[in-house]
Amino acid sequence: MNRLLPLVLAAGLLLGACGGDGGDEEAPQPGGGPTVSTADTDLGEILVDGKGMTVYLFEKDGPGTSRCDGACARVWPPLLTKGEPRAGGDADEALLGTTKRGDGSAQVTYDGHPLYRFVKDSAPGDVNGNEVEGFGAEWYAVTPAGGKPQEETGQNNGY
């Protein structure tokens, strides 16, 4: 048993260094929420989540109010948080906030727009959700200023 102890300790240290669940967007921070940052894409500079995935606004939403739940939220998963969101890159910390969803969870907002991801974006830099019309309105990537990208792509993947 004494010969196994160093191996067991080494394995424990290795597992501890790798993290437990691997699914977190970023390392847990006391009271910290997800990071909203920026990336250069085919649409120009836009906002992304902590994994580099594009975040979108839904034109049907009201200021600080999400109107996407149920089937809509399965196609456009909301960017949720359990802490205060943080800004990275050229994202403006002053434009970040949260709103309470119908199920009680907190969703990250930027310049009052609730933020979402798109299920057809599979890699950082994908912008497949820009100018998509679905669930009663159009969806757009978000610029660091809080608006829509200037360049029109003509995509319409409809839902």
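With which residue does Arg117 form a salt bridge? The partner is Asp49, with the closest N and O atoms 2.6 Å apart. A salt bridge here is a side-chain nitrogen of Lys or Arg within 4 Å of a carboxyl oxygen of Asp or Glu. The model is predicted: local features need pLDDT of at least 70 and side-chain atom pairs pLDDT 80 or more, while totals for chains, interfaces and linings use all residues. Residues are numbered from 1 along each chain as its sequence is written, and side-chain values use heavy atoms, without hydrogens and water.

Arg117 lies in the loop between strands S8 (113–114) and S9 (132–134) and Asp49 in the loop between S2 (44–48) and S3, so the pair ties together parts 68 residues apart in sequence. Helices (H or I, at least four residues) and strands (E, at least two) are DSSP runs, numbered from the N terminus.

The structure holds two salt bridges; in the second, Lys148 pairs with Glu59.

| Salt bridge | Closest N and O atoms |
|---|---|
| Arg117 with Asp49 | 2.6 Å |
| Lys148 with Glu59 | 2.9 Å |

Asp49 is buried at 3% relative accessible area, whereas Arg117 is partly exposed at 22%. Buried means under 20%, exposed over 50%, and partly exposed in between (1.4 Å probe, protein chains only).
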